[in-house]
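Take a look at the structure below. This report goes through it piece by piece, from single residues to the contact between chains.

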Amino acid sequence: MALCLSLIPDSRQHVHRFTTNCLLRCMQFMLLFSRQGKLRLQKWYVPLSDKEKKKITRELVQTVLARKPKMCSFLEWRDLKIVYKRYASLYFCCAIEDQDNELITLEIIHRYVELLDKYFGSVCELDIIFNFEKAYFILDEFVLGGEAQETSKKNVLKAIEQADLLQEVRH
Amino acid sequence: MALKIVKGSIDRMFDKNLQDLVRGIRNHKEDEAKYISTCIDEIKQELKQDNIAVKANAVCKLTYLQMLGYDVSWAAFNIVEVMSSSKFTYKRIGYLAASQCFHESTDVIMLTTNQIRKDLSSPNQYDTGVALTGLSCFVTPDLARDLANDIMTLMSHTKPYIRKKAVLIMYKVFLKYPESLRPAFPRLKEKLEDPDPGVQSAAVNVICELARRNPKNYLSLAPLFFKLMTSSTNNWVLIKIIKLFGALTPLEPRLGKKLIEPLTNLIHSTSAMSLLYECVNTVIAVLISLSSGMPNHSASIQLCVQKLRILIEDSDQNLKYLGLLAMSKILKTHPKSVQSHKDLILQCLDDKDESIRLRALDLLYGMVSKKNLMEIVKKLMLHVDKAEGTTYRDELLTKIIDICSQSNYQYITNFEWYISILVELTRLEGTRHGHLIASQMLDVAIRVKAIRAFAVAQMATLLDNAHLLTGNMQRNGICEVLYAAAWICGEFSEHLENPIQTLEAMLRPKVATLPGHIQAVYVQNAAKLFATVLKGQEGNTDSTAAQETSQLMIDRLPLFVQSANLEVQERASCILQLVKYIQKLQQKDVEVAEEVSALFAGELNPVAPKAQKKVPVPEGLDLDAWINEPPSESESEDEQPKAIFAKEEPKHSRPRHTEVDEKELARRREARKQEQANNPFYIKASPSSQKVYQDTPGVEHIPVVQIDLSVPLKVPGMPMSDQYVKLEEERRQKERAEKKKKEKKKRKEKRSGRGKKQDSGPESEEDITPAHMVDIVTEEMPENALPSDDDDKDPNDPHKALDIDLDKPLADSEKLPVRSHRAAESLKSPAEDGDVESAAIHAPKKKNGKEKREKKKDKDSDRKKSSKHKKKKQKKEKEEKEKKKKKKHHHHHHHSDGGGEESVQNGTVEDEEPLPPMSNYCLLAENSYIKMVCDIQGNLQDGSQVVVSVIFENKCDSFLKSMEFNVLDSLNSKLQRPEGSGPHDGLTVPFQLPPGVSNEARFVFTVQSIVMPQKLKGTLTFIVKNEDSSTHEKLDFKLHFTCTSYLITTPCYSDAFAKLLESGDLKGSSVRLEGVNMPFHHLLARICFHHHFSVVERIDSCASMYSRSIQGHHVCLLVKTSGQTVSIDAKCDEPTLLGNVLDEIKQTFSQC
């Protein structure tokens, strides 16, 4: 399917692999949106009113979509730093604070995509649309309150699988 | 009919699930909004059903719609319902919906406290996990206060999965409820050494985050973190710790010295870019804070710069960007180290990525020197020509100006060059920065006296070619430079070569299309020019020339007199009258030039921008005191018309302009045609001209050819800036040669523009002398100006509240609030109270009002407040409450705003008047060691379960441990015990109690019949442990399950309530209460609070109330009051239950 997320994001940009696991610092929010600007997932780690959220989303989607493909993944926006990365038709976009580490945030995004990929089995945009609650559950197991809580992909998936199992049994 | 029913139920079976909804939305691309509104209607129907599965499905769909931007706040209560489902499947969906949709102002959050607490203590770790995750998104100050203790307990949970989450969420709790930081910190610190690496890193995470905001309180942890840093191999933990040290070093310089070595080691060894980047950043920060007294740090800086060069040279745009970013930090303190990489930076200016180019531009700012300024700016000017987007070009423009003007034009050696750069910049199409160029022109012309002649000549040319700048309305921004040009030509008109020509240029009719404020300057400066011209002409024998000049003024000024802009109009009419008067004098052969010039005599000095602010307030002057009695309110209305009048907009000039009567226009047109015909240089409109200027109706007939400005504008007499680069080079060489000569002669002649002395290194920066004797006039400041002040921390920063000293020993008052029986707590002494109060006020200085209120509430619940405070607070709360009530009524949510559940939580919410605080906790048993209070609540999800929450309070000075809670089961009620344990085994209380501490545990009972109250006998056994001895103790108690405890506060709509009563299934009963001496709303509040009812409707002294038992019995009350008699008519489908409930209500009121 055309929407398939290729995990090798861009041959030009080399993905930084770390010897040990990395986590990220405080993230303000994470947005997933399509090339057409449709929001696919949003997670806010700071309390904001719906109106503000909508405004921020609209502004950011516009800004990020207007960037040319060869541009770097970071931009300064208001007093935040935006880190985004495109995987096939989806943009993954995080906001971090001024002193935060951009590279680690990129790593987090990548890690999340890998988790989605493992869980759904070569994930595509439609998987996320139709199972958006699962996408949230995975994110929640991985990032809590803007801080990455689990270093190991295996552990995240294990937690999700067990919770899913619980769901089946109790049904 | 029958078919219809069958069809209806089938429809329900096939309710749309999320997938159907998503598919439906995708299939209705054209009428998405309409489709979704029908979906929302369906969802509303589904939410009305009792089936929790249907509800959960509906809530799941709503969560999706919320993401699409639809308002789902109306379903908040349903979300709470789904959250409290006992099935994990639904609970998970409920919490997800809550975390997506709830925010601090969502009022149903108050209702969730109990549910969340229950989930937190659930035996299933995933229930707990889901609750923690949800809480991280919607925690409010209320929730944080009420649940802080529970979460703190979870930090010591047996499962690392929970510990990790609890530790992380503690950070959010601290932010919302700063008082929890001190009591929770010791345990958090313990977690730094947790056996599970995940928990450990979570703790590092939280502490680093806390420390970064308020580093000074965490200095004592530095050794611990230092140990962690040198031992940890987890890059993430390292990054965190390194960042923390970056924050600590400014406070403790010795730390910085110690850090450099391990950091440089890491920089050398690590392969992880993120860690490398973090280390480099921290080294830079450390070195900045140590800026002096570090002998050896140039090596470290060199290392950083080298590593950054590698990043910048990388093909990865991201690394390039970050490298440049970090480089700019080094630049601030160690410009020399960066300057050697100028080649690289200039290379980045050609990068295809705009954001990288911008970063490189930032760096250029610090790389310029006297030697290379011209070269760099030349390069930038080339970029200006090439740039596609206006934003980037504007950015370039401001950067050029920034670079040149930095530190008082320190690097400019040739101001002629700079002026020509500015003039060249005026041909930028569509720039927003006209005013910036203008202010530079003004600044340079005013402050560099030597340049004035040149500047004036340039400005005169600009004015002459003004039509090129204003030709296109899109380029409006740039016409600001005309403001500067006009002013400079007027003010320094003595330098003009041909003042008459300039005067004519300034009085062209086209000037009237410029913005008002520019016209005003034109008019004023035309007058100055006029004075200069007169002076020149009167010296001659021929007096007609002077008179002609006056005539020119008199001819042209009326155009401005007609201007709609007040400023222009006023100046123009003044000057017109003046000139007319001068003309009269001239006709009498009176010499006026001297006097006219005297009007503009005197030099204008530049004033520093801050000068006004810096004027010290004279002693004894109170600026806030009224000079006159303040005017009464009504007077302010009289002022309004004035304000409107003053708001006149400059744009009005155009319509006004058309009012010039037709005759006049025709005459002018004729005159113009005549003029054009005679003018050999006039460019006639040709068919090929791209765009004819046609904007102002008055001048539409003037054909103006758009000049293609992609060809650099070369006006004769206007030297191009490039020339200067060459000239400058020649000049410098010459100078060098001369200098050598001079040196040979050993004649020391120091010359330097700004008094800088230097030893003559070969080709050193300072060897370059400015081309002109540059005299930069310093800006004037008032006498005894105060030294610079400014920059305070952001008062709104939530982290300010967390600036709390953690090393101070914990005071009793700081214990985390545990649900407790308020009457049981002893009153604190007023002195202590005051102390707490002031501490609370000082530590979190910048709190928002809400948090303050929460704090007060909390204190009240602990009874630490003086009664005076209490009253105030309660009043406030009451107001708040009433507001809420109104709102709720509006929504037809008649559930007694918050109901009993909430009041248990917040304790004080229900006491809306100076009414004794209510609590559902009642004394269970007490001896000299321990006191137990309990609250019994039915379980909404399970009709056969009752949850007993018991607070154990250690009253003695010893440690209480191994507490075991046991109850003798009856046929009807049984204590739920873990699988595998016998029917008589006790339950271990999951905590120990240090002296003076209380904590809460929950026990679940299964009941079969709920229609009768019953009592269960039980025993608590525990070990009292002293330093030297330990004894086994026990305490017997009787657990009283009232029928009230089987009732659950359930909201009910008035129409549903009416239907219920009409149905006739309910049996009635009634009761009269005599001698009830309390306001009606107190009475209702009591029934709601103690007996779990909710008010359906209240009319005057009559109210209908509703509640439901855990097994689904409806209980309806009609409460009426007259005088001291209250009559309650009640209906219920179970008469025995009703009878018992009424008895219990009676009991409640007989006690008070």
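B:K61 sits in helix α4 of chain B, which spans residues 52-67. The model is predicted. Is B:K61 buried or exposed? B:K61 counts as buried, because its relative accessibility is 1%, and the cut-off for buried is under 20%. Its contacts beyond four places in sequence are B:K16, B:N17, B:L18, B:L21, B:I43 and B:E46. One of these, B:E46, also makes a polar contact with B:K61, side chain to side chain, at 3.2 Å. B:I93 is 32 residues from B:K61 in sequence. In space, the two C-alpha atoms are 10.0 Å apart.

**Salt bridges in chain B**

Helix α4 of chain B also holds B:K55. B:K55 forms a salt bridge with B:E81. B:E81 lies in helix α5 of chain B, residues 76-83. The two partners are 26 residues apart, and the pair links distant parts of the chain. How accessible is each partner? B:K55 counts as buried because its relative accessibility is 8%. B:E81, at 22%, counts as partly exposed.

A second pair joins B:D150 and B:R117. B:D150 is in helix α9 of chain B, residues 141-154. B:R117 is in helix α7 of chain B, residues 109-120. The pair therefore ties together parts that are 33 residues apart in sequence. B:D150 is buried, with a relative accessible area of 17%. B:R117 is buried too, at 2%.

B:R254 counts as exposed because its relative accessibility is 62%, and the cut-off for exposed is over 50%.

| Salt bridge | Closest N and O atoms |
|---|---|
| B:K55 and B:E81 | 3.1 Å |
| B:D150 and B:R117 | 3.2 Å |

Over all chains, the whole structure has 43 salt bridges.

**A buried arginine without a salt bridge**

Now turn to B:R393. This residue lies in helix α23 of chain B, residues 390-409. B:R393 is buried, yet has no salt bridge. Which side chain of opposite charge is nearest to B:R393? That side chain belongs to B:D394, and the distance is 5.3 Å. A salt bridge needs the charged atoms within 4 Å. What else does B:R393 touch? Leaving aside neighbours within four places in sequence, B:R393 is in contact with B:V384, B:A387, B:L428 and B:E429.

**Chain A**

Next comes the partner chain. Chain A has 171 residues, and 64% of them are buried. How many helices and strands does chain A have? The count is 5 helices and 7 strands. Along the sequence, they follow the pattern β-β-α-β-β-β-α-α-α-β-β-α. Now consider the contacts in chain A with a separation of 6 or more. Of these, 58% are between residues 24 or more positions apart.

**Where the two chains meet**

The size of an interface is often given as the accessible area lost when the parts come together. Between chain B and chain A, the buried area is about 6100 Å². Carbon and sulfur atoms give 53% of that area.

Counted by residue, 69 residues of chain B are in contact with 68 residues of chain A. There are 6 salt bridges between the two chains. The count of residue pairs in polar contact between chain B and chain A is 23, with both residues at pLDDT 80 or more. Helix α10 of chain B, residues 160-176, gives the largest share of the side of chain B that touches chain A, with 8 residues. The residues on that side divide into 24 nonpolar, 22 polar and 23 charged.

Terms used. Residues are numbered from 1 along each chain as its sequence is written. Chains are lettered from A and ligands numbered from 1 in the order in which they are written. This is a predicted model: local features need pLDDT of at least 70, side-chain atom pairs count only at pLDDT 80 or more; totals for chains, interfaces and linings use all residues. Side-chain values use heavy atoms; hydrogens and water are left out. Contact means heavy atoms within 4.5 Å. Buried area is the accessible area (1.4 Å probe) that two parts lose on being put together, summed over both. A polar contact is a pair of N or O atoms within 3.5 Å; within protein, one must be able to donate a hydrogen and the other to accept it, and residues adjacent in sequence count only if both atoms are side-chain atoms. Helices (H or I, at least four residues) and strands (E, at least two) are DSSP runs, numbered from the N terminus. Ala, Val, Leu, Ile, Met, Phe, Trp, Tyr, Cys and Pro count as nonpolar, Asp, Glu, Lys and Arg as charged, and the others, Gly among them, as polar. Buried means under 20% relative accessible area, exposed over 50%, partly exposed in between (1.4 Å probe, protein chains only). Lys and Arg count as positive and Asp and Glu as negative; His and the chain ends are not counted.
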